[in-house]
Each structure stands twice: as structure tokens, then as C-alpha cells.
Amino acid sequence: MQTLYIAEKPDIANAIADYLRQSGGYKKSTGYYQKDDTIVS
């Protein structure tokens, strides 16, 4: 199952992505961050 977090502002998306970075294994793409089955947009 995939999880999608939609942030209203880029700052919020960056904060969530910072959390993903702490546990490693994330990738940044155009308009979203992804780690395993979790996507932040």
C-alpha cells in the first residue's frame, strides 16, 4: 500500500522530506519526494 502526503506549501513538504531523509533512502524528483511506498508532494 502506498501513502501520499499532499502539502499545501513547499515548506511543509520540505519538513516532511527532512523526516524521510533522517531515516535514509529517499529520492527527490520534480515536484515530489519518495521513500519506498511513501510520496510527499
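User: What counts as a helix in this predicted model, and which helix holds both Asp18 and Arg21?
Analyst: A helix is a DSSP run of H or I with at least four residues, numbered from the N terminus. Asp18 and Arg21 are three residues apart, about one turn of the helix. Both lie within residues 10-22, which is helix α1.

User: How many salt bridges does a search of the whole structure find?
Analyst: Side chains of opposite charge can pair when their charged atoms come close. Asp18 forms such a bridge with Arg21. For the whole structure, the number found by the search is one.

User: How far apart are the closest N and O atoms of Asp18 and Arg21?
Analyst: A salt bridge requires a side-chain nitrogen of Lys or Arg within 4 Å of a carboxyl oxygen of Asp or Glu. Asp18 and Arg21 form a salt bridge, and their closest N and O atoms are apart by 2.2 Å.

User: Is Asp36 buried or exposed?
Analyst: Asp36 sits in the loop between β3 (32-35) and β4 (38-40). Its relative accessible area is 63%. The cut-off for exposed is over 50%, so Asp36 is exposed.

User: What is the phi of Asp36?
Analyst: Most residues other than glycine have a negative phi. Asp36 is not a glycine, yet its phi is positive, at about 50°.

User: What is the C-alpha to C-alpha distance between Ser29 and Ile6?
Analyst: Ser29 belongs to strand β2 (residues 26-29) and is partly exposed, with 22% relative accessibility. In sequence, Ser29 and Ile6 are 23 residues apart. In space, their C-alpha to C-alpha distance is 15 Å.

Terms used:
Residues are numbered from 1 along each chain as its sequence is written. This is a predicted model: local features need pLDDT of at least 70, side-chain atom pairs count only at pLDDT 80 or more; totals for chains, interfaces and linings use all residues. Side-chain values use heavy atoms; hydrogens and water are left out. Helices (H or I, at least four residues) and strands (E, at least two) are DSSP runs, numbered from the N terminus. Buried means under 20% relative accessible area, exposed over 50%, partly exposed in between (1.4 Å probe, protein chains only).
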